[in-house]
Amino acid sequence: MKTLAQIRSTNALTASKTPGMGKGQKGGDAISGFPMLMKTDGLLAAAAFAVETNKEGKPKQEGARHIITAVAKHLSDNGIGICQASTAGDLVDELSRGDAIKLRQATAEALAYLAYLKRYA
C-alpha cells in the first residue's frame with residue numbers, strides 16, 4: 001500500500017514528462033500560477049480556463065490544458081478515487097454535476113498534487 005505522498009509524487013513525476021507540460025504563452029510558466037488560480041477562483045473555474053478553445057478549436061492555453069488533464073488523471077487514480085473522469089472535459093462535467101463535498105475534496109487533493117507537479121515540471 002502506498003501513502004498519499006507516494007501516489008502524488010508518482011503521478012506528478014509521470015505527468016511532468018508530458019511534452020509541453022506547464023508551458024505558458026510565449027514560453028512562460030503556466031504551472032507556477034495555476035495553484036493560485038485554483039485557490040482564488042476554484043477548481044472548476046481553473047478547469048474552465050484550461051479547456052477554453054480559440055476559434056479554430058485549439059486550446060488557448062496548451063500548458064494549462066496539460067495541467068488540468070494531469071489533475072484529472074490524478075483524481076481518478078485508484079489510490080485517490082475522488083473522480084472517475086480522466087480527461088479535462090470529463091472532469092469539468094463530473095465536478096459540475098457532483099455535490100459540493102466532492103468538489104471540495106477534489107480541490108484540496110488537486111492543490112496537494114500540484115505542489116508536487118510544480119516541482120517536477
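Two notes before the details. Residues are numbered from 1 along each chain as its sequence is written, and side-chain values use heavy atoms, with hydrogens and water left out. Because the model is predicted, local features need pLDDT of at least 70 and side-chain atom pairs count only at pLDDT 80 or more, while totals for chains, interfaces and linings use all residues.

I start with helix 4, residues 62–75. Helices here are DSSP runs of H or I with at least four residues, numbered from the N terminus. Helix 4 has 14 residues and spans 20 Å from its first C-alpha to its last, close to the expected 20 Å. The expected span is 1.5 Å times one less than the number of residues.

How much of helix 4 is buried? Of its 14 residues, 10 are buried, so the rest of the structure largely encloses this helix. Buried means under 20% relative accessible area, exposed means over 50%, and partly exposed is in between, with a 1.4 Å probe and protein chains only. Among the buried residues are Gly63, His66, Ala70 and His74. What do they pack against? The buried residues of helix 4 pack against helix 1 (4–16), helix 2 (34–41), helix 3 (43–51), helix 5 (88–97) and helix 6 (100–120), where contact means heavy atoms within 4.5 Å.

Next, charges. Side chains of opposite charge can pair when their charged atoms come close. The structure holds 4 salt bridges, each a side-chain nitrogen of Lys or Arg within 4 Å of a carboxyl oxygen of Asp or Glu. I will go through some of them.

One joins Glu52 and Lys60, at 3.1 Å from N to O. Glu52 has 33% relative accessibility and counts as partly exposed; Lys60, at 41%, is partly exposed too.

Another pairs Asp93 with Arg97, at 2.7 Å. Both lie in helix 5, 4 residues apart, about one turn of the helix. In general, an α-helix has 3.6 residues a turn, so residues three or four places apart point the same way. Asp93 is partly exposed at 37%, whereas Arg97 is exposed at 68%.

Glu94 forms a salt bridge with Lys102, with the closest N and O atoms 2.6 Å apart. Is Glu94 buried or exposed? Glu94 is buried, at 15%, and Lys102 is partly exposed, at 21%.

Last, the largest pocket, which holds about 160 Å³ of space. A pocket is an open set of points on a 1 Å grid over the protein atoms alone, where a 1.4 Å probe fits, with protein on both sides within 12 Å along at least five of seven lines; lining residues have an atom within 4 Å of a point. Its volume is the space filled by probe spheres set on the points, which are joined across faces, edges and corners.

The lining includes Asn11, His66, Lys73, His74 and Tyr113. Helix 4 gives the largest share, 5 residues. By type, the lining has 4 nonpolar residues, 6 polar and 1 charged. Nonpolar covers Ala, Val, Leu, Ile, Met, Phe, Trp, Tyr, Cys and Pro, charged covers Asp, Glu, Lys and Arg, and the others, Gly among them, are polar.

Lys73 sits in helix 4 and is exposed, at 52%. Asn11, in helix 1, is buried at 17%. Leaving aside residues up to four places away in sequence, Asn11 touches His74, Asp77 and Tyr113.

Methods
Helices (H or I, at least four residues) and strands (E, at least two) are DSSP runs, numbered from the N terminus.
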